[in-house]
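Dear colleague,

I am handing over the structure that we talked about, and it is shown just below. Please open it beside this message, and then read on for what was found in it.

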Amino acid sequence: MAEPVTKSVLFVCLGNICQSPIAEAVFRKLVTDQNISENWRVDSAATSGYEMGNPPDYLGQNCMKRHGIPMSHVARQITKEYFATFDYILCMDESNLRDLNRKSNQVKTCKAETELPGNPYYGNDSDFEAVYQCRRAFSEKAQRQVRALLRPA
């Protein structure tokens, strides 16, 4: 029997307290619910060091609780090693994508994509709900596409 293929995805935003930990939690829940979590390494990070060591924003945590999605994360900044060790680095907006592209110029194996749903940082519960819905839809689509790649030939 063949070894299961492991894929890895890193979600990235500015501070790693709003968008990227929500995306991480949603994606982790999806692969867990489909019993393929052993095939995935899922994480998130920041382009900046502003929030290093902090937990996710309380509105994001509340949103995840309302949807029954566990969230346990401490903000950290992306490092060069992440570009070499993650298969997919998914950025949450254009500004951070530019930052990632600058950082990745020193690493040959970066695979970066972008999703542009907006930033809830200065928002309210409904803004975090919109980010959750967007991340869920995106995660479901990405997971379907990658699952197709994991099927035995």
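**The annotated cysteine and its surroundings**

For "active site", UniProt lists Cys13, in an unreviewed entry; such positions are given in the numbering used here, feature names are shortened, and annotations may be inferred rather than shown by experiment. Before going further, please keep in mind that this is a predicted model, in which local features need pLDDT of at least 70 and side-chain atom pairs count only at pLDDT 80 or more, while totals for chains, interfaces and linings use all residues. Residues are numbered from 1 along each chain as its sequence is written, and side-chain values use heavy atoms, with hydrogens and water left out.

Cys13 is placed in strand E1; helices (H or I, at least four residues) and strands (E, at least two) are DSSP runs, numbered from the N terminus. With a relative accessible area of 3%, Cys13 is buried, where buried means under 20% relative accessible area, exposed over 50%, and partly exposed in between (1.4 Å probe, protein chains only). Leaving aside residues up to four places away in sequence, Cys13 touches Gln19, Ser20, Ala45, Ala46, Thr47, Met92 and Asn96, a contact being heavy atoms within 4.5 Å.

One of these, Met92, is found in the loop between E3 and helix H4 (94-104), and Met92 is itself buried, with a relative accessible area of 1%. The C-alpha atoms of Met92 and Val12 are separated by 6.1 Å, although these residues are 80 apart along the chain.

**Strands E1 and E3**

E1 and E3 pair in the parallel sense over 4 bridges; two strands pair if DSSP finds at least two bridges between them. Leu10 has Ile89 as its bridge partner in E3. From strand E3 (residues 88-91), Tyr88 and Leu90 point one way and Ile89 and Cys91 the other way, and all are buried.

H1 has 15 residues and reaches 21 Å from its first C-alpha to its last, close to the 21 Å expected at 1.5 Å a residue, where the expected span is 1.5 Å times one less than the number of residues. Since 11 of the 15 residues of H1 are buried, the helix is largely enclosed by the rest of the structure; among the buried ones are Gln19, Ser20, Phe27 and Leu30. Just after H1, Asn35 takes a positive phi of about 55°.

A search of the whole structure finds 3 aromatic pairs; rings of Phe, Tyr and Trp (its six-membered ring) pair if their centres lie within 6.5 Å, and planes under 30 degrees apart count as stacked, over 60 as edge-to-face and the rest as tilted. Phe11 and Phe27 form a tilted pair, at 5.8 Å centre to centre and 55° between the planes. Because Phe11 lies in strand E1 (residues 7-13) and Phe27 in helix H1 (residues 19-33), this pair ties together parts that are 16 residues apart in sequence. The rings of Phe27 and Trp40 have their centres 4.9 Å apart and their planes at 75°, so that pair is edge-to-face. With Phe27 in helix H1 and Trp40 in strand E2 (residues 40-46), the pair ties together parts that are 13 residues apart in sequence.

Which residues do the ring pairs link into a cluster? They are Phe11, Phe27 and Trp40, and Phe11 counts as buried at 1% relative accessibility, Phe27 at 2% and Trp40 at 9%.

With best wishes
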